[in-house]
Amino acid sequence: MAVAPRPPPLPRPRSIFKPYEPHHLQHALPFLLLLLVLGQPSTVQAFLSPFSLSLYSFIRYPPRIATSRASASSTAMAADNNALSRKLLTSDIPFQLYNTASRKKEPFKTEEPSKVSFYSCGPTIYDYAHIGNFRAFLTYDVLKRWLLYSGYSVEHICNLTDVDDKIIKRMARDKISLPELTEKYAQVFFEDLKALNIVPASRYPRATEHIDDIVHMVQELMERGFAYESQGSVYFRVNKFPAYGKLARLDFSGMERGAGEGGGINDADEYVAEKGDAKDFALWKAYKEEDGPVFWETALGKGRPGWHIECSAMARTYLGLTVDVHAGGVDLVFPHHENEVAQSEAANGGKRFCNCWVHNGFVNVENEKMSKSKGNFLTLKGSLKGGLELRAFRYLVVTSQYRSPLNFNKEGLEGAKKTVMRLDKLRKRLLDVVEKGKEDEGGFGMKDVIEKALKGFEAGMADDLNTPRAAAALFTLVKGAEKALKSTPPFLPPSEAREVLVALERMDEVLGIFYDPPSVEGGVEGGEEGGGPVIVALNDLPVEAQELVRRRGKAKENKIWGEADGCRDALKSKFGVILKDVKGGEVQIMKEG
């Protein structure tokens, strides 16, 4: 059964005139009103007809969407923003944030004073997210918490991709509808966010909720000459946008005319004949039989949106033409974010799409890149057991330098667990002093220690979210408090213990370590596709697959590598079986979930 089609958008007008930019509208209004008064509505209609798309954009996408559009969670955060508006101890130190576009730290600036428009790329909701994904979401969280701590109000939009090739393949494999599949994993994602104490975004819009917005944006690009139709699909004309490649710093010289459907540079044999240039990327994909029930009947024809245009349309719908911050993993710089820049700025008359691009580094597992073939794709539910490990994982991630690669291993997690337990122990002892201790005239002189620690913490965060430096400042306070509690007799009176607790809580507004995680159950270790490989026994495989495993083993013994690789490839493509060679000559057999 097909997904319910959306009503068709406004027809796309054609004109030889250059469309108005939205800010030109104010100059034309007096003249148009005069014509109406003089009884010439047909003249007004003729004047406006070529510019209807620009007028639509002006009405639907003002420079900044009012906060009244925010959800209940956004309203709650607005209250938090007021509570967190305070004078920083380090107000003389400007907040510097590394901008991928310039490859340097820049003073943080916003389009509107004290207000931040923040767009981040969310998950494709067809499977469990892995720990690499959650490093990105935790990076967004620390940035947002620091902005709130600093007194900004934040309108944060995090999209959910709920229509793409992977989703369609999963629907066919599992014989499940689009809403059933995506709703299941959307709820899993929200549970994981809660388990990691991540502050909710203002909204989590889905691509399927914004087909009209996407279609209108594609129409605008076609009207401006930046897009063209070919065999039912619509493509962005990369050569029409001279700044293409600037964000990722691509050098097209000496390259083949090659780019995949997503916009990446590929070999010539991957050239798609229906495109004008192989660098061009899909904005709207014509319906194919393998798409099954996933399509929309629109003015663009029967089909579905491309991945990149989804984010551009939703960012414009909720945050206006320019966003202050756009965040994502470093793997999204190209092609996804490069394509976002091109299509957004082309549709918006050249207005800058994003002021600051923030990208986090990869997560490696035991110094190896996460890979399904290596069996080291780890989900939150499959790799972390219990509340302490969840909090330790959060601590491990948020106190790492967000732009550098992070190596996840058992030793690092154990070290983070010990640190979290040490912090918990200190807080408990401080609470005991507050409740049961006796005031002492002398005290331990913690005021200077607290002020120094808070200043160091804020200075670290203001330096491109330097959380290692901020954590070091936190531990100057921890060590000072521990020293006071260990002294004989104890020299930490309740008043000073209370001040230490307040300082810890203040830093925790950014780090988010002190919380009680909900239970996380039912997950599996594995990859982004198929719920991840699950270890199985040889006898659990079909007879033909067992024979392929044995043949590969013999081929390896005889060093017939071509045959061994062929068996391995056949196992994966035909049976979803992955083989992992481990130490001692053993072979681990895994089946995709």
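Biologist: Over residues 256-271, how many contacts beyond four places in sequence does the model have?

Modeller: The model is a predicted one, and pLDDT expresses the predictor's confidence in each residue, from 0 to 100. Over residues 256-271 this score stays under 50. For that stretch, the number of contacts beyond four places in sequence is 44.

Biologist: For residues 43-47, how many contacts beyond four places in sequence does the model have?

Modeller: Here, too, a confidence value accompanies the count: pLDDT stays under 50 over residues 43-47. The contacts beyond four places in sequence for these residues number seven.

Biologist: What share of the residues in the protein score at least 70 in pLDDT?

Modeller: The protein averages a pLDDT of 82. The share of residues that score at least 70 is 75%.

Biologist: In the open sheet of four strands, why is one side of β4 and of β11 left without a neighbour?

Modeller: The strands follow the order β4-β3-β10-β11, with parallel pairing. β4 (153-158) and β11 (354-360) stand at the edges of this sheet, so one side of each has no neighbour there. The reason is that each has a single partner strand.

Biologist: Which are the edge strands of the open sheet of three strands?

Modeller: This sheet has mixed pairing and the order β13-β12-β14. Two bridges join β12 (residues 363-365) to β13 in an antiparallel arrangement, and Asn364 stands opposite Lys369 in β13. Helix α5 (residues 131-149) lies across β12 and β14. The strands that pair on one side only, and thus form the edges, are β13 (368-369) and β14 (406-408).

Biologist: What percentage of the residues in the protein is buried?

Modeller: The protein has 18 helices and 17 strands. A residue counts as buried when its relative accessible area is under 20%. Of the 593 residues, the buried ones make up 51%.

Key. Residues numbered from 1 in each chain as written. Predicted model: local features only at pLDDT ≥ 70, side-chain atom pairs only at ≥ 80, totals over all residues. Heavy atoms only, no water. Pairing = 2+ DSSP bridges. Contact = heavy atoms within 4.5 Å. Axes fitted to C-alpha atoms, helices over the stretch in contact; angles between N-to-C directions. Buried < 20%, exposed > 50% of the residue type's maximum accessible area, 1.4 Å probe, protein only.
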